[in-house]
Amino acid sequence: MHKKLVIVAVAGLLAPAVLLAQKTSYDYEKTADFASFKTYAHKDGTKVGQPLIDDRIVAAIDAEMAAKGFTKSEAKPDVYVVYHVAFDKQKDISTFSSGYAGGYGPYGWGYGGGWGGGTTSTQVRDILVGTLVVDIADAKKGQLAWRGMGVKEVQTQANPEKRDKSITSAVQKIFKNYPPKKKT
């Protein structure tokens with residue numbers, strides 16, 4: 001019985017960490033010629049509305065585009081990069097149990113166990129979840145070629161260094177699957 005309680009307590013402590021993990025996904029136009037895309041320019045999407053945060057997102061996108069071999073070019077780029085940000089409040093429910101609790105014993109109520117000193121607490125809190133979408137559109141065809149998306153809890157009280165790291169990490173994870181690996 002003690003081992004079961006320890007496992008439940010440990011699982012209760014690990015659950016919130018799972019919620020903080022970033023989830024990413026992507027999609028792409030199967031006929032797009034990704035090898036021909038060499039230059040890019042930014043187009044306005046749905047910004048956060050806080051210049052410092054928007055500047056961090058643009059800088060992180062520029063770094064990833066450079067890492068993928070792109071050159072920034074406002075004159076006749078091969079692709080346009082557009083980002084969109086959305087926020088949503090969600091409920092996070094965490095329950096933690098501690099102490100010892102018994103129950104039915106081999107001969108009926110209370111024998112071989114018993115109730116004692118255990119406590120259970122449940123915490124409900126609102127969390128802010130942010131979604132960052134990065135679109136890469138073929139400038140010549142005027143159509144979407146690739147879309148990457150990341151969803152993560154937003155730490156509203158983070159310091160500037162943590163914000164930089166979080167945004168950079170999010171953009172890196174989003175671009176992990178660019179260019180897409182086409183299955184043959």
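**A helix and its neighbours**

Modeller: Let's start where helix H2 ends: H2 is followed by Gly 69, which has a positive phi, near 90 degrees. Keep in mind that this is a predicted model.

Colleague: Okay, and how many residues does H2 have?
Modeller: Helix H2 has 17 residues, 51–67. From first C-alpha to last it reaches 24 Å, close to the 24 Å expected at 1.5 Å a residue.

Colleague: Which residues in H2 are buried?
Modeller: The buried ones in H2 are Ile 53, Asp 54, Arg 56, Ile 57, Ala 60, Ile 61, Asp 62, Glu 64 and Met 65.

Colleague: At roughly what angle do the axes of H2 and H3 cross?
Modeller: Roughly 40 degrees, and the two axes come within 9 Å.

Colleague: Is the crossing left-handed or right-handed?
Modeller: Right-handed, as H2 passes H3.

Colleague: Which residues of H2 meet H3?
Modeller: On the H2 side they are Ile 53, Arg 56, Ile 57, Ala 60, Ile 61, Glu 64 and Met 65. Their partners in H3 include Pro 160, Arg 163, Ile 167, Val 171 and Phe 175. The residues of this contact between H2 and H3 divide into 9 nonpolar, 2 polar and 4 charged.

Colleague: Switching topic, where's the cis peptide bond?
Modeller: It joins Tyr 178 and Pro 179, with omega about -10 degrees. Pro 179 is in the segment after helix H3 (160–175), and Tyr 178 lies in the segment after H3 too.

Colleague: Is Tyr 178 buried or exposed?
Modeller: Tyr 178 is buried: its relative accessible area is 3%, and the cut-off for buried is under 20%.

Colleague: What does Tyr 178 touch?
Modeller: Leaving aside residues up to four places away in sequence, Tyr 178 touches Phe 34, Phe 37, Lys 68, Phe 70, Ile 136 and Trp 146. Take Phe 34: Tyr 178 and Phe 34 are 144 residues apart in sequence, yet their C-alpha atoms are 9.0 Å apart in space.

Colleague: One last thing, what is the phi of Lys 76?
Modeller: Near 50 degrees, a positive value in a residue other than glycine. Lys 76 is found in the loop between strand E3 (71–72) and strand E4 (79–98).

Colleague: And is Lys 76 buried or exposed?
Modeller: Exposed, because its relative accessible area is 79% and exposed means over 50%.

Note on methods. Residues are numbered from 1 along each chain as its sequence is written. This is a predicted model: local features need pLDDT of at least 70, side-chain atom pairs count only at pLDDT 80 or more; totals for chains, interfaces and linings use all residues. Side-chain values use heavy atoms; hydrogens and water are left out. Helices (H or I, at least four residues) and strands (E, at least two) are DSSP runs, numbered from the N terminus. Buried means under 20% relative accessible area, exposed over 50%, partly exposed in between (1.4 Å probe, protein chains only). Contact means heavy atoms within 4.5 Å. The expected span of a helix is 1.5 Å times one less than its number of residues. Axes are lines fitted to C-alpha atoms, for helices over the stretch in contact, and angles run from 0 to 180 degrees between N-to-C directions. A crossing is left-handed if the near helix is turned anticlockwise from the far one by less than a right angle, and right-handed if clockwise. Ala, Val, Leu, Ile, Met, Phe, Trp, Tyr, Cys and Pro count as nonpolar, Asp, Glu, Lys and Arg as charged, and the others, Gly among them, as polar.
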